[in-house]
Amino acid sequence: MTKPELVIFDCDGVLVDTETLGNQHLVKMLGASGYATTFEAVRKDFCGMPMRAVKEKIEAEGYWLGDDFVDRWYQAMPVIFENGVEAIPYIEEVIAAVKKAELSYCVASSANVEKMHITLGKTGLIVHFHDVLYSASMVARGKPFPDLFLHAAQEMGYEPSRSVVIEDSVAGTKAGTAAGMRVFSYCGDVHADHEGLAAAGGILFDDMRQLPALLGVA
């Protein structure tokens with residue numbers, strides 16, 4: 001495949017392993033608000049979506065989560081991710097290969113910038129990304145809409161057609177595809193939705209050591 005000029009990384013599930021901790025807490029928060037659900041359902045239905053979109057989707061079903069639901073979610077971040085956050089295996093090798101090939105790169109996440117600083121900081125990955133963090137809070141619509149990836153590419157100075165996205169969620173894969181970008185969808189997590197990722201247009205891979213070759217930088 002043609003080597004890209006810009007690599008856009010999702011954060012949770014691509015750079016850092018936070019999906020288990022985050023979704024376990026989300027199940028508790030939703031249950032406390034009267035919306036009974038399971039880890040598996042949350043992981044499948046809401047993975048990759050900004051929390052404001054999760055709130056809107058649930059409230060559209062007739063449940064009221066409260067005006068401060070999103071604020072309470074982010075206020076809990078330091079406690080949720082105090083321990084147990086690790087880098088995705090071999091992601092440092094991917095970053096090193098991208099840097100060696102002199103490709104531009106950034107992060108575009110549904111999380112806010114403060115959360116990215118917490119999770120990337122816990123793993124030491126923040127040193128690679130501290131000045132190239134883009135959040136769904138910066139655009140009108142989060143994933144699965146293309147707005148965030150288009151915003152990141154524009155800010156970085158690259159055409160969508162010359163950009164690629166590294167994702168792990170169906171929502172994020174749909175967003176990257178809708179933005180006109182190639183999407184490499186990481187499915188190394190035991191809860192990964194292989195069928196959903198493929199249907200969304202992702203190029204699936206299950207080991208980060210495979211990614212440099214997919215990007216043409218091996």
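Mentor: Take Phe 9. In this predicted model, Phe 9 touches Val 14, Leu 15, Ile 91, Val 94, Val 98, Tyr 105, Cys 106, Val 107, Ala 108, Phe 129 and Ile 166, leaving aside residues up to four places away in sequence. Phe 9 is also among the residues with the most contacts inside the largest nonpolar core, along with Leu 15, Leu 120 and Phe 129. That core has 71 residues. Helix H6, residues 91–100, gives the most to this core, with 5 residues.

Now the strands. Strand S1 covers residues 6–9 and runs parallel to S4, joined by 4 bridges. Within that pairing, Ile 8 has Cys 106 as its bridge partner. Cys 106 is one of the residues that Phe 9 touches, too.

Val 107 is another contact of Phe 9.

Last, a helix pair. The axes of H1 (residues 19–32) and H2 (residues 39–46) come within 9 Å and cross at roughly 110 degrees. The two helices are therefore roughly perpendicular to each other. H1 brings Glu 19, Thr 20, Asn 23, Gln 24, Leu 26, Val 27 and Leu 30 to meet Phe 39, Val 42, Arg 43 and Phe 46 of H2. By class, this contact has 6 nonpolar, 3 polar and 2 charged residues.

Notes. Residues are numbered from 1 along each chain as its sequence is written. This is a predicted model: local features need pLDDT of at least 70, side-chain atom pairs count only at pLDDT 80 or more; totals for chains, interfaces and linings use all residues. Side-chain values use heavy atoms; hydrogens and water are left out. Two strands pair if DSSP finds at least two bridges between them. A nonpolar core is a set of buried Ala, Val, Leu, Ile, Met, Phe, Trp, Tyr and Cys residues joined through side-chain atoms within 4.5 Å. Buried means under 20% relative accessible area, exposed over 50%, partly exposed in between (1.4 Å probe, protein chains only). Contact means heavy atoms within 4.5 Å. Axes are lines fitted to C-alpha atoms, for helices over the stretch in contact, and angles run from 0 to 180 degrees between N-to-C directions. Angles under 35 degrees count as roughly parallel, over 145 as roughly antiparallel, 65 to 115 as roughly perpendicular and the rest as oblique. Ala, Val, Leu, Ile, Met, Phe, Trp, Tyr, Cys and Pro count as nonpolar, Asp, Glu, Lys and Arg as charged, and the others, Gly among them, as polar.
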